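Here is a short report on one protein chain. It looks at how the chain is divided and at two of its residues.

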Amino acid sequence: MITPLAFPIAVDVVALTVIDRALHCLVVTRGIDPYRGRPALPGGFVRENEQTLQAAERELEEETGITPPGHLEQLRSYGPQGRDPRGPVLSVAHLLLAPRFSPARPGGDAAGAHWRPVDALLAPGSPLAFDHAAILADGVERARSKIEYSPLATSFCGPEFTITQLRTAYEAIWGAPLDPRNFHRKATKTASFIEATGRTAREGAGRPAALYRLTPGVDETAFVLDPPLRRPAGPAPAPPTTAPPPPIARQ
């Protein structure tokens with residue numbers, strides 16, 4: 001007879017938004033060992049009789065003071081071996097992508113809570129604790145894929161927006177510049193994606209730009225763009241690694 005493995009189950013939350021035209025991730029500063037003082041994704045252990053989604057919502061609110069402003073989507077599971085110096089831990093990661101969040105304030109065992117640029121968190125030698133750089137990389141890839149096939153990027157632009165504003169949202173999430181003319185053609189020719197409102201807005205010294213909106217009745221999280229808006233091809237980033245275990249305190 002095979003004996004079932006027994007180990008703790010944890011949750012981690014990849015919360016992403018666009019700030020100053022760049023993709024940012026919500027991180028906490030760990031107030032306890034291991035990795036005390038290091039940035040990490042919000043998260044913690046699942047309690048008895050608690051579902052993983054409930055645990056993710058609870059940990060996010062406890063550690064950052066933020067109630068999820070949108071749907072928490074399960075990303076994937078990680079572990080249990082080799083990701084936590086305390087022993088085997090299975091983590092179920094969740095993704096939260098939203099244009100606006102309430103102010104972050106630390107709580108629970110978090111000593112700080114703030115937004116950091118994704119590029120800095122995923123740079124070589126990432127400061128993130130545990131295997132959170134790998135989890136974040138997967139979350140960013142999921143977000144970038146979602147806006148290829150869904151109108152989700154329009155939620156970062158407000159009820160009405162110019163094509164330039166919409167392109168800026170795509171550039172921030174994809175992390176790459178887009179050709180303005182090609183993007184304008186693809187965005188306006190994709191069926192049931194956006195429609196002109198008949199109004200205009202000034203952008204700089206040029207002539208007023210046409211305002212658009214998401215086509216009424218379209219669900220930005222469920223509707224599938226056909227054809228999709230493909231992101232530009234680029235070199236694949238180096239896979240993030242798990243943070244080295246912290247030094248063992250000598251008694």
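Which residues does T154 touch, not counting residues up to four places away in sequence? The contacts of T154 are F161, L166, F193, I194, L214 and E220. Keep in mind that this is a predicted model.

**Around T154**

T154 sits in a loop. Is T154 buried or exposed? T154 has a relative accessible area of 3%. Buried means under 20%, so T154 counts as buried. The side chain of T154 also reaches the backbone oxygen of P151, at 2.7 Å.

**Around R83**

Now turn to R83. This residue is also placed in a loop, between β5 (73-78) and β6 (90-97). R83 has a relative accessible area of 6%, so it is buried under the cut-off of 20%. Its side chain makes a polar contact with the side chain of D131, at 2.8 Å. What else is in contact with R83, leaving aside its neighbours within four places in sequence? The list holds D12, Y78, V89, S91, F130, D131, H132 and I135.

The table sets out the values for the two residues.

| Residue | Relative accessible area | Side chain reaches |
|---|---|---|
| T154 | 3% | backbone oxygen of P151, 2.7 Å |

**Two domains**

How is the protein chain divided? Domain 1 covers 9-146, and domain 2 covers 149-214. Their C-alpha centres lie 30 Å apart. The contact takes 13 residues from domain 1 and 10 residues from domain 2.

About 1100 Å² is buried between domain 1 and domain 2. Carbon and sulfur atoms give 64% of that area. Between the two domains there are 4 residue pairs in polar contact. The count of salt bridges between them is 0.

Which elements supply at least two residues each of the side of domain 1 that touches domain 2? They are β1 (9-19), β2 (22-30) and α3. The largest share comes from α3, with 4 residues.

**What the record says**

UniProt, in an unreviewed entry, places the feature "domain: Nudix hydrolase" at residues 9-141. Over those residues the chain is 20% helix and 35% strand. The end C-alpha atoms of this stretch are 24 Å apart.

Terms used
Residues are numbered from 1 along each chain as its sequence is written. This is a predicted model: local features need pLDDT of at least 70, side-chain atom pairs count only at pLDDT 80 or more; totals for chains, interfaces and linings use all residues. Side-chain values use heavy atoms; hydrogens and water are left out. UniProt positions are given in the numbering used here, feature names are shortened, and annotations may be inferred rather than shown by experiment. Buried means under 20% relative accessible area, exposed over 50%, partly exposed in between (1.4 Å probe, protein chains only). A polar contact is a pair of N or O atoms within 3.5 Å; within protein, one must be able to donate a hydrogen and the other to accept it, and residues adjacent in sequence count only if both atoms are side-chain atoms. Contact means heavy atoms within 4.5 Å. Domain bounds come from an automatic or database domain assignment. Buried area is the accessible area (1.4 Å probe) that two parts lose on being put together, summed over both. A salt bridge is a side-chain nitrogen of Lys or Arg within 4 Å of a carboxyl oxygen of Asp or Glu.
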